[in-house]
Amino acid sequence: MVFRRRFIAFGLGLVLLMGVVWGRQQQVQSVTILMPAPYADATAALVDRFNDDHLGRIHLNISRGPLETESISDLAISSLLLGSPPFDALLVDVTWLPKYVAAGWLEPLDPWFDQADEDDLVAGARLGNRVDGALYRWPLGADVGLLYWRTDLMPSPPTTPDQLTAVVSKLKQEGRASQGFVWQGRQYEGLSCDFVELLQAFGGSWISATTGEPNLDSPAAKQTATWMNELISNGFSPRAVTNYAESESLQAFKAGDAALMRNWPYAWSELQGNDSAVKGRVGVTTMVALPGETPAATLGSWGLSMLRETPHPSATAEAIRYLTSQDAQRERFLNQGYTPTAQALFRDPELVQRSPVLPQLEKALGHAVPRPMSPLYAQMSDVLQRQLSGILTGDLDPGEGMAQAQASTITLFRSAGGKA
Amino acid sequence: MTVLLLLPALLLMGLVFVWPMLRYGWLSFHADSVLTGLNPVANGGANWIRLLDDQRFWQDTLQTTRFAGVSVGLEMVLALAIALLLDQRWRGRGVVRALALLPWALPTTMMALGWRWIFNTPYGPLERLAEVVGLGPLNLLSTPASTWLVTVLADVWKTTPFIALLLLAGLQTIPEDLYSAFRLEGGRPNQALMSITLPLLMPYVLIALLFRGAQAFGVFDLIQVLTGGGPAGSTESVALYAYLNAMRFLDFGYSATVMLAGFLLLTLAVLVLAMLLRLGGLIRPVQS
Amino acid sequence: MNRRFVPWISLLLLWSLLPMLWQLISSLSTAEALVDGSIPFLKRWTLVHYQELWASDPPFWRYLLNSAVVSGLTTLITLVLAIPAAYGLARLPQQLRQLLRWITAGAALFPYVLLFLALLELARRFSLGNNLIALAMPYAGLAMPLALLLLTSAFEGLPRELEDAARLEGLSLWQRLRWVLVPLLAPATASTAILVFLFAWNEYPIALTWLSRDDLLTLPVAMARIAGSSIYSIPYGAYAAATVLGSIPLLLLVLICQRQIVSGLTNGAIKG
């Protein structure tokens, strides 16, 4: 009798225990995030810690995607077009966000990130995350275009276009910087980035903020294209610049052949390497601007977006928050040099000591300018690059080229379904 | 009864070949992009207006034509040589023929990787050879002028065996007596080539030309994997541009327009070519 | 006679095989050996790239399996539909047959990459994506012209009397096909089957748009994805190993079945 009762009690206890364990198992939410392989590697240790902290509740894995920017997007799109993508979130470049949102693939992050969170971000990192007012992306790293200058060749960096050409021409006459001012003039996305900074510097805009219509044939735009063209035709920049991407311009500057360079923040640590001819003699500032215009820095940033179809939105949001936390940013900066997004970190003594340009970077981030937030951005950029490249390689008159770019952009919008 | 036998096959073929063209025709008069939620919305001829003005499309068309022309031309010459060689009688001919066929059997994307490595600067074998010989960095895959030639090489390598087989088949239909008679009359071997072989081979050459030309115009696999269309879009083909419009820019309406335009241009070229050849008497009207 | 051709034969073999041989060599070379020509000969070799492939996720043989499934199914469907159709075509009056032959030849010429968008739309609308079995349908459609051309001319080559005799013996159409005609067609069917299989195995654009899941990719798509991944900057050893492993089934197929392949292609050429 007693034995049977005990047996039943034991049996019930066992069942209860199994129920609890089973329930626990069912609760392990698996979250997968797609990132380019370098970012994936940079967050590996972090991911392990996350999984330890959330053992039994959330399991995070990073899907290592292709190295190239466009390839990651192609991979994601091929899954999204067929439905049921094998990941819950992905790392999104600032220029794709509007496209993904317009396609209805992303879930707004507003339930999990509030105004306080946004206020913690440095100014530039707050840009490029919202479409139609909703928050669709949380930044992982923020980069802006910078003007690098040789501290040993000039007392202070130029702040206006005229000052820039003046200092370059003086140095060339003295035979001290044969390549002058190097930037990205090849026909690719980098050219659009360079153009955007200068366009703002001349008081123009690609898309009008008020009407949403393209503005590429404005006097300011034509002036910008003309100035860029004259850099080459008057010898302030080498002709080879029309084939330079980031690495070529960095190479020229690093070898000591150029006095000024436009490039991204990553170049700084390259220039402090032992193989750099200009180690310790480089300063960083924002691009030049016309007197009366604010200088601009093209925004290039990556952030994490959640997919609408994820079965675990809260778990995914938690993973996103963890991967973008200040500790994570600190680690990524110290180990791999990725720019942080939290304001506080820009003032952190340890970080500033590692990279003395952080204050200038923060200032530049305050002047960040995003490229047009349009789902058609890729095609718009292609149109612009084509015309600019034609202008820079000498064949095309700047005024005509920009007028053509304007017309093509309008045709593009009409063909793809209306306004931006 | 016969119709019933034919129906499933013909229906499937119709679905796969005819439906897309009709669909593209319709889609090309609609905006179907991420801006319209990937739903077709009528927009009149806006896509076509854009196409006419689209420098990238016309540049790609020229590049693709150039690629197809040079590639097929080289293939013809090479394939003829190989066919002539394989037509002779020597030991091991079958084995060599099988080995020569191997390039054609491999998927294009697979060897495209291989070619990227072979032409890689600075580590690929060609580059290292150039170093040894003292030619300096070749950078064959970074300059537009040379990259398209590399794509031609890769294409020629892959498809020549196929054409060689076609031409071989043609060669084997030429009766031996013609050659014997020719020799008896004192003709020399190279003259035999010009007066007997080539004229009788013409129909096969033309079929191969037409077939390969059309296929080469649609080149996609090779370009996408070997160069991605670069550098600076100099190797981009019409098919790749259409693909990018759909899968990268999410603009289905324009992609359809590009493909339809490409198809129409190709058809026009084929018809014109066929007509010219007909007029030149090189194609005799088909008798059965 | 033989010796005269030797230099030309060697040239042909070199031209055809050298790129593939180079892949083999690269696949067996260490990562250091790939970038440094000065490493001594004996230290240059390793099997690590093959081990990487085998242990990768998904394992490499998965892609071979996927390709085999799709190609096999495509071949089956194509033959099942094409054989009766070819029989019907061969029995049609001259004019109609000629017309259909031109149409079919035209379809065979067609650069089928241009079809991908419409087919993608179908995949999206009917949820046919990421489904190896569904993929066989468009493949069968694409391979149909080739199969029809080859099989129709094969049927035309059969003597009429055999079938008439069978009909007189009271065999139905199905029985005639099954027991008399198709067995006679075996060589042509074999050639067609192999060519269709090869086509399906090597097809890229449709597979690229219809398949996105890692573990469902066919070989050409998987290779392209590995190529685009460039996860490592100079890992050509791994790529080369993938190329070698991926080539083996095809090389075997071609070497074993080369006679059928050749006869299929040449028959197509002559009659087509």
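**View 1. Strand β3 of chain A pairs with strand β12 of chain A in this predicted model.** A:A89 has A:M306 as its bridge partner in β12(A). Strand β3 covers residues 89–93 of chain A, and its pairing with β12(A) is antiparallel. Five bridges hold this pairing.

**View 2. Strand β4 of chain A also pairs with β12(A).** Strand β4 is made of residues 106–107. Two bridges link β4 of chain A and β12(A), in the antiparallel sense. Here A:E107 stands opposite A:M306. A:M306 is also the bridge partner of A:A89.

**View 3. Strand β7 of chain A runs antiparallel to β12(A).** Strand β7 spans residues 138–144, and six bridges join it to β12(A). At one of these positions, A:V144 faces a partner in β12(A). Which residue of β12(A) stands opposite A:V144? A:L299 does.

**View 4. β13(A) runs parallel to β12(A).** Two bridges join β12(A) to β13(A). A:A297 finds its bridge partner in β13(A) at A:A368.

**View 5. Strand β12 of chain A is buried on both faces.** In a regular strand, side chains alternate between the two faces of the sheet. On one side of β12(A) lie A:A297, A:L299, A:S301, A:G303, A:S305 and A:L307, all buried. Why is β12(A) described as largely enclosed by the rest of the structure? Because 11 of the 11 residues of this strand, residues 297–307, are buried.

**View 6. Helices α8 and α17 of chain A cross at roughly 85°.** Two packed helices are described by the angle between their axes and the distance between the axes. Helix α8 covers residues 189–201, and its axis comes within 9 Å of the axis of α17(A). The two helices are therefore roughly perpendicular to each other. From α8(A), the contact takes A:E189, A:L191, A:S192 and A:F195. From α17(A), it takes A:S381, A:L384, A:Q385, A:L388 and A:S389. By class, the residues of this contact are four nonpolar, four polar and one charged.

**View 7. Domain 1 of chain A touches domain 2 of chain A.** Domain 1 consists of residues 26–142 + 300–369, and domain 2 of residues 144–298 + 372–416. Their C-alpha centres lie 28 Å apart. Domain 1 gives 20 residues to the contact, and domain 2 gives 23 residues. On the domain 1 side, α5 (97–102), α16 (358–366) and β13 (368–369) each give two or more residues. The largest share, five residues, comes from α16(A). This side of domain 1 has nine nonpolar, nine polar and two charged residues.

**View 8. Chain A meets chain B.** In this contact, 25 residues of chain A touch 23 residues of chain B. On the side of chain A, α4 (69–82), α5, α17 (377–392) and α18 (398–416) each supply at least two residues. Which helix gives the largest share of this side? It is α18(A), with six residues. The residues of this side divide into nine nonpolar, nine polar and seven charged.

**View 9. A:D327 is an exposed residue in helix α13 of chain A.** The helix covers residues 326–336. A:D327 has 11 other C-beta atoms within 10 Å, so it counts as exposed. A:L345 is 18 residues apart from A:D327 along the chain. The C-alpha atoms of this pair are separated by 9.5 Å.

Notes: Residues numbered from 1 in each chain as written. Chains lettered and ligands numbered in written order. Predicted model: local features only at pLDDT ≥ 70, side-chain atom pairs only at ≥ 80, totals over all residues. Helix = DSSP H or I, 4+ residues; strand = E, 2+ residues; numbered from the N terminus. Buried ≥ 20, exposed ≤ 12 C-beta atoms within 10 Å, placed from the backbone. Domains from an automatic or database assignment. Contact = placed C-beta atoms within 7 Å. Nonpolar A, V, L, I, M, F, W, Y, C, P; charged D, E, K, R; others polar. Axes fitted to C-alpha atoms, helices over the stretch in contact; angles between N-to-C directions. Parallel < 35°, antiparallel > 145°, perpendicular 65-115°, else oblique. Pairing = 2+ DSSP bridges.
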